[in-house]
Amino acid sequence: MPMPVHSFHNHRFSFEEGELAGHKNLMTCVIIGNQHPVVVSDGCDLVTAQIICIKADVSHRVAVPKGGADIIYLDGVRLGTDRAPFMPLTSEWRGLARAFDLQDYAALNTFRNRLEQDRLPPDQSVMEIVKELYLAPFTRLSQTDLASALGLERTQALRHFKATTGQTFRRFKIWAALVAATRSAHAGERIGHAGTEAGFADAAHLARTAGLVFGVTPTVGLSGLKTIETM
């Protein structure tokens, strides 16, 4: 089967030691402690492991250990309802980080498929929209634009987008904008300007959103962010 023309992105945020306050990921993520176990908790349950997978939309806190960790977001991956909100993974999942080091897309896709099996290839008409959001999140495509592009009634288009991506249209736009702003600010752009360029109203809007999604303010998060890579 040929590879799809457009596909979901994957992002590696390499963090120094620190605490991430209560937040909800917009995408499934895998956290890999570089030297020591990572601690993930939600107020009731606590998991300590070298490598932990966390579902999207699950409130949790993270303690990044000494030596730091790689936090890898896998856009579009949806875990089954039988999966725990956060669960330890075996040591072979270090290969997920190596896939970024080697720019090995085949290995990366193998790990994605292990989390989400037996799923049909995504609708490329929706992936065209996803591609546009990745390339220019500041355009802030409207629901009407989505419906027109998919040739569907607005409510049907929104449902189809979520069925394909695992996330609502609005929240996917927020995620694409947040990643773009983080990348720009990490490259040296002023935080406020990076935020407005990505479509946020102002620096305060960006800070609130980052706190909800990452558990840290942009200033604190960037101070501990060693690298950010997208494949």
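This is a predicted model: local features need pLDDT of at least 70, side-chain atom pairs count only at pLDDT 80 or more; totals for chains, interfaces and linings use all residues.
Reader: How many helices and strands does the chain have? And how compact is the chain for its length?

Author: The chain has nine helices and ten strands. The globule rule gives 17 Å for 231 residues. The radius of gyration of the chain is close to that, so the chain is as compact as a globular protein of that length, at 17 Å.

Reader: What percentage of the residues in the chain is buried?

Author: Buried here means under 20% relative accessible area. The chain has 231 residues, and the buried ones make up 46%.

Reader: Which residues of helix H2 are buried, and where on the helix do they lie?

Author: Helix H2 spans residues 105–115. Its buried residues are Leu108, Phe111, Arg112 and Leu115. Seen down the axis of H2, they fall within an arc of 100°, so they line one face of the helix.

Reader: What covers the buried residues of H2?

Author: Several strands take part, including S1 (10–15), S3 (28–33), S6 (51–54), S8 (69–74) and S9 (86–88). The cover also includes a helix, residues 94–102. That helix is H1.

Reader: Which residue caps the N-terminal end of H2?

Author: Look at the backbone nitrogen of alanine 106. A side-chain oxygen lies 3.2 Å from that nitrogen. The oxygen belongs to the capping residue, aspartate 104.

Terms used. Residues are numbered from 1 along each chain as its sequence is written. Side-chain values use heavy atoms; hydrogens and water are left out. Buried means under 20% relative accessible area, exposed over 50%, partly exposed in between (1.4 Å probe, protein chains only). Helices (H or I, at least four residues) and strands (E, at least two) are DSSP runs, numbered from the N terminus. The arc is that of the directions from the helix axis to the C-beta atoms. Contact means heavy atoms within 4.5 Å. A polar contact is a pair of N or O atoms within 3.5 Å; within protein, one must be able to donate a hydrogen and the other to accept it, and residues adjacent in sequence count only if both atoms are side-chain atoms. The radius of gyration is taken over C-alpha atoms; the globule rule is 2.2 Å times the number of residues to the power 0.38.
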